[in-house]
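Reader: Could you walk me through this one while I have it open on my screen?

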Amino acid sequence: MIAPMKFLVFGAQGYFGQQFLERFPGSVGSTVDIANMADVARELDTHQPDVVINAAGKTGRPNIDWCEDHKLETIHSNVTGPLVLLKECGNRGIYWVHLGSGCIYSGDNDGRGFTEEDPPNFAGSFYSRTKAWIDRMLSEFTEQGILVLRLRMPFDGTPAQRSLITKLAKYGRVLDAQNSMTYLPDFFDAVTLLTEKRTTGIFNMVNEGSISPYRIMELYRQIVDPAHEFARLALDDLPEVAKAGRSTCVLSTAKLRATGVHMRPVDDAVQEALQNLSKKHEKNVK
Ligand SMILES: NC(=O)c1ccc[n+]([C@@H]2O[C@H](COP(=O)([O-])OP(=O)(O)OC[C@H]3O[C@@H](n4cnc5c(N)ncnc54)[C@H](OP(=O)(O)O)[C@@H]3O)[C@@H](O)[C@H]2O)c1
């Protein structure tokens, strides 16, 4: 029987911060500035966690376009902050988990998907550039007790505002391009296994296979809301609806599978999420 782990979650008020606190009872949340060495050191010494989760970062509101006009704040949180954690957790020998992003790639790597070793090839937004910079920096130190989890387009079967399905349901035009995505129930099961084993290194934390946001909305119309209306947005037309570039990519899950951690096929995950949403939708309509 493995003893329960005490997590200290930075970025506690954010979307992922809240989810970590819910999913790992007994965790402690912190809202200190992760780029402030003294504050981070105090939190680590006060709480003495088994595992630190870095769920802090600038993701922009209403979306990553914000980062284009707030570059210093974005670097402060997405690059300087994790470097402070690298030093302060490293000094104390504390194992820590950084939430990275798969939005540092473009394409499907000739059908193979991008592995954790492939150099980033998408620099179309400032947000993605900061995520790629820190990903590369941390890759030099992962053996010192760092786990970097690369997420993409996270979704679940709840009406949470930050779930991909909720976002897509508000769009009039929906992108028709294959993407890797992260189903949160599978992600958190995988995080449990990886952190219990104190796994280190970079991992693509996406479900098997790929799907397009447009296909998800077709299924949404079949399963959740037959009255839902939307149009197709081709990849070439993406600049018409977004200021900064958006990554469209497929990641390899071979490394995750090789560690014995399995995230189900994305088609099955989308079906489950939509079935759960449908039950909530029916309740609301009644
Ligand atoms: N959600 C996604 O689609 C997605 C996909 C891939 C990767 N990720 C990564 O996952 C991490 C968490 O994302 P999220 O979706 O949970 O974002 P979020 O909802 O914006 O939460 C991030 C939280 O971090 C806080 N924060 C920002 N700068 C900070 C700093 N210097 N020190 C301490 N806290 C700070 C934010 O506070 P303020 O609001 O006050 O700035 C916010 O409460 C990010 O690193 C993001 O890049 C997210």
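Author: Strands here are DSSP runs of E with at least two residues, while helices are runs of H or I with at least four residues, and both are numbered from the N terminus. This is a predicted model, in which local features need pLDDT of at least 70 and side-chain atom pairs count only at pLDDT 80 or more, whereas totals for chains, interfaces and linings use all residues. Residues are numbered from 1 along each chain as its sequence is written.

Reader: OK, and how many bridges join β3 to β4?

Author: Four bridges join these two strands, which run parallel, and two strands are said to pair if DSSP finds at least two bridges between them. Val52 of this pairing stands opposite Trp96 in β4. β3 is also joined to β1 by four bridges, again running parallel, and there Phe7 has Val51 as its bridge partner.

Reader: Which way do the residues of β3 point?

Author: Val51 and Ile53 point one way from the strand, Val52 and Asn54 point the other way, and all are buried. "Buried" means that 20 or more other C-beta atoms, placed from the backbone, lie within 10 Å of the residue's own, "exposed" means 12 or fewer, and "partly exposed" is in between. As a rule, in a regular strand the side chains alternate between the two faces of the sheet.

Reader: Why does Ile53 count as buried, and what does it touch?

Author: Ile53 is buried because 28 other C-beta atoms lie within 10 Å. Leaving aside residues up to four places away in sequence, Ile53 touches Phe7, Val9, Phe10, Phe20 and Val97, where a contact requires C-beta atoms, placed from the backbone, within 7 Å. The C-alpha atoms of Ile53 and His98 are separated by 6.2 Å, although these residues are 45 apart along the chain.

Reader: Then β4: enclosed or open to the outside?

Author: Six of its seven residues are buried, so β4 is largely enclosed by the rest of the structure. β4 is joined to β5 (residues 146-151) by six bridges, and these strands run parallel. Trp96 stands opposite Ile146 in β5, and Leu99 has Leu149 as its bridge partner there.

Reader: What's the strand order of the open sheet, and which strands are at the edges?

Author: The order of the six strands is β2-β1-β3-β4-β5-β7, with parallel pairing. The edge strands are β2 (28-30) and β7 (201-204), each of which pairs on one side only. On average, neighbouring strands of this sheet are turned by 20° against each other, direction ignored.

Reader: Which strands does α1 lie across?

Author: α1 lies across β1 (7-10), β2, β3 (51-54) and β4, and runs at about 165° to β1. Helix α5 (residues 126-139) lies across β4, β5 and β7, at about 145° to β4. These angles run from 0 to 180 degrees between N-to-C directions, with axes as lines fitted to C-alpha atoms, for helices over the stretch in contact.

Reader: Switching to the ligand: how many residues surround it, and which are the closest?

Author: There are 24 residues around the ligand, and the closest are Gly11, Gly14, Ala56, Gly57 and Ser77; a residue is near a molecule if its C-beta atom, placed from the backbone, lies within 6 Å of it. Elements that each supply at least two residues of this shell include α1 (15-23), α4 (71-92) and β4 (95-101).

Technical notes. Two residues are in contact if their C-beta atoms, placed from the backbone, lie within 7 Å.
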